[in-house]
Amino acid sequence: MEMLAKPMLDDSYTKPEPKRRLWRWVVLVAVCALAILCFYQSKHTQLEKLPLGSKTPYPLDNHCNDAVPAGMQLIQVQYLLRHGARYSTEGEMADIEYIYRLLDNQVPSSWIKPEMVDRNNAMRLSASGIYDTAALATQVYQKYANLLEMRQQPVPAIRFISSEFQRSIATANTFRSTIDPDNHTMPVSVIPLVNDTILAMKHNCMRWNMAKDDAAVDIQSEISRFDSIYGADIKRHVSKKLNIDLLSLDNIQTLYRMCGYDMSLLHQPLHWCSLFDYKTAELLELRGDLTYSRKYGPDGSQINSHLACALFSEIINDIDTALRNTDSAVSVFRFAHAETIMFASNLLGLDQMLGSYTKPVTGNMTYEQILHRGFRTSTLVPFSSNLGLELYMDQNAQPFFRLLLNGCAIRMPGCSKDVCPLGVLRSKLATDIGCIYNTMCQL
């Protein structure tokens with residue numbers, strides 16, 4: 001049999017050395033690993049931006065151009081702050097436990113977190129809440145360093161006031177110790193709950209409690225309307241992610257809250273949050289806001305727009321005291337709750353400033369209206385949210401103010417600039433200043 005001729009190799013061919021082949025594999029593996037890392041980093045970043053209602057983490061990376069205006073002297077600051085990130089309520093823990101049992105074999109074991117259903121943690125300030133509060137306090141002190149400098153004043157002109165709840169008191173103490181590590185200021189003043197018409201006002205207003213109960217039918221009606229329009233798409237999206245079709249919309253709302261707690265307490269976007277995309281999160285935030293807007297917000301009873309009257313009466317009194325003697329003006333930091341900021345927002349009409357769609361929040365809003373609504377809890381009351389009021393004096397000794405939400409200036413209607421004549425604020429609050437709270441809240 002004739003033997004086939006052995007192919008001739010080109011003289012220029014050299015067999016690759018083993019080390020060179022190995023190096024090529026190393027480079028290939030490194031490139032693939034980098035691509036995977038970039039993918040997960042991108043996914044991580046996208047999920048961190050999800051709107052998570054009142055469980056949204058505080059945006060510590062807010063960068064706002066809000067330097068003191070030229071020709072103005074900052075006299076005083078007053079801040080109303082929500083407590084830092086806390087654990088869920090006992091009722092929410094029961095809902096989370098149900099989800100854990102239902103999905104125990106459907107999700108990785110790392111998603112099941114016993115501390116999230118430990119009743120000893122219920123409503124308590126978390127470690128991340130303490131961290132965020134300290135970071136926020138540092139930002140505030142850096143912003144107002146000259147005004148808040150302890151060592152320049154024999155008696156530091158700063159007060160810290162809290163409602164009588166552990167999460168608020170712990171937030172206040174963390175904030176104070178960060179601003180004043182040498183303990184120059186007076187301890188945090190706590191308002192007893194039984195007398196609190198300033199920070200935990202809902203607990204002392206029978207009229208509001210009745211209005212809240214009356215709103216329950218309207219809330220359920222709007223949620224049902226929402227579910228009939230958007231429910232099927234939401235269930236389809238989450239069921240596809242979990243490969244299970246047993247979840248009700250209320251169950252999915254619980255998953256959404258669990259995502260919020262994952263983000264705010266654990267900075268973990270890749271567990272429960274991985275079940276949602278941006279649109280689904282937007283829709284579920286609205287589903288929750290249908291309750292918030294009626295229970296605490298501008299779409300509920302008329303009393304919601306006046307419940308912060310005692311708070312603003314105190315704020316205006318502190319402004320007037322500061323204007324009488326600007327050299328000894330006292331800055332005040334008040335620590336309270338999400339609903340406190342919502343009640344304050346109602347009185348100021350913040351929802352009119354925060355979105356182009358300012359009609360009531362309803363279950364049949366279009367997606368475009370949902371995106372542009374003014375009342376949105378992720379914007380208004382994330383954990384550690386804050387409403388700031390800066391008092392200025394111009395070169396003609398005329399008083400001005402600037403309003404800030406979560407560190408960024410917002411312009412009130414009637415103001416041509418962010419820094420606005422104090423008279424505009426007085427006019428806005430005129431019918432509520434000096435209110436007789438107990439009379440207003442009687443049935």
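User: What makes β2 and β4 a pair, and in which sense do they run?

Analyst: β2 and β4 are joined by five bridges and run parallel. Two strands pair if DSSP finds at least two bridges between them, so β2 and β4 qualify. The elements are DSSP runs numbered from the N terminus, with helices being H or I of at least four residues and strands E of at least two. The model is predicted: local features need pLDDT of at least 70 and side-chain atom pairs pLDDT 80 or more, while totals for chains, interfaces and linings use all residues. Residues are numbered from 1 along each chain as its sequence is written, and side-chain values use heavy atoms, leaving out hydrogens and water.

User: How many bridges join β2 to β3, and what is the bridge partner of Ser163?

Analyst: Three bridges link β2 to β3 (residues 189-191), again in the parallel sense. Ser163 has Ile191 as its partner in β3.

User: Why is strand β2 called mostly covered?

Analyst: In β2 (residues 158-163), five of the six residues are buried. Buried means under 20% relative accessible area, exposed over 50% and partly exposed in between, with a 1.4 Å probe and protein chains only. Over the chain, 49% of the 443 residues are buried.

User: What makes β1 an enclosed strand, and which strands does β1 pair with?

Analyst: Nine of the ten residues of β1 (residues 73-82) are buried, so the rest of the structure largely encloses this strand. β1 pairs with β5 (residues 386-393) in the antiparallel sense over eight bridges, and Leu74 stands opposite Tyr392 there. β1 also pairs with β4 (residues 331-336), in the parallel sense over five bridges, with Tyr79 opposite Phe333.

User: Which residues of α7 are buried, and what covers them?

Analyst: The buried residues include Ile219, Ile223, Phe226, Tyr230, Ile234 and Val238. An α-helix has 3.6 residues a turn, so residues three or four places apart point the same way. The cover includes α8 (249-266), α9 (278-295) and α13 (367-371).

User: Why is the crossing of α7 and α8 called left-handed, and at what angle do they pack?

Analyst: α7 and α8 pack at about 65°, with axes 10 Å apart. Axes are lines fitted to C-alpha atoms, for helices over the stretch in contact, and angles run from 0 to 180 degrees between N-to-C directions. A crossing is left-handed if the near helix is turned anticlockwise from the far one by less than a right angle, right-handed if clockwise. The crossing of α7 and α8 is left-handed. Residues of α7 that meet α8 include Gly231, Ile234 and Leu242, and on the α8 side they meet Leu249, Ile252 and Leu255.

User: How do you know whether Asp262 is buried or exposed, and what does it contact?

Analyst: Asp262, in helix α8, has a relative accessible area of 2%, so it counts as buried. Beyond its neighbours within four places in sequence, Asp262 is in contact (heavy atoms within 4.5 Å) with residues including Lys113, Met116, His271 and Trp272.

User: What is noted about phi at Ala397, Asn406 and Asn243?

Analyst: Most residues other than glycine have a negative phi. Ala397 has a positive phi of about 65° and sits in the loop between β5 and β6 (399-405). Asn406, with phi near 50°, is in the loop between β6 and β7 (408-410) and counts as buried at 4% relative accessibility.
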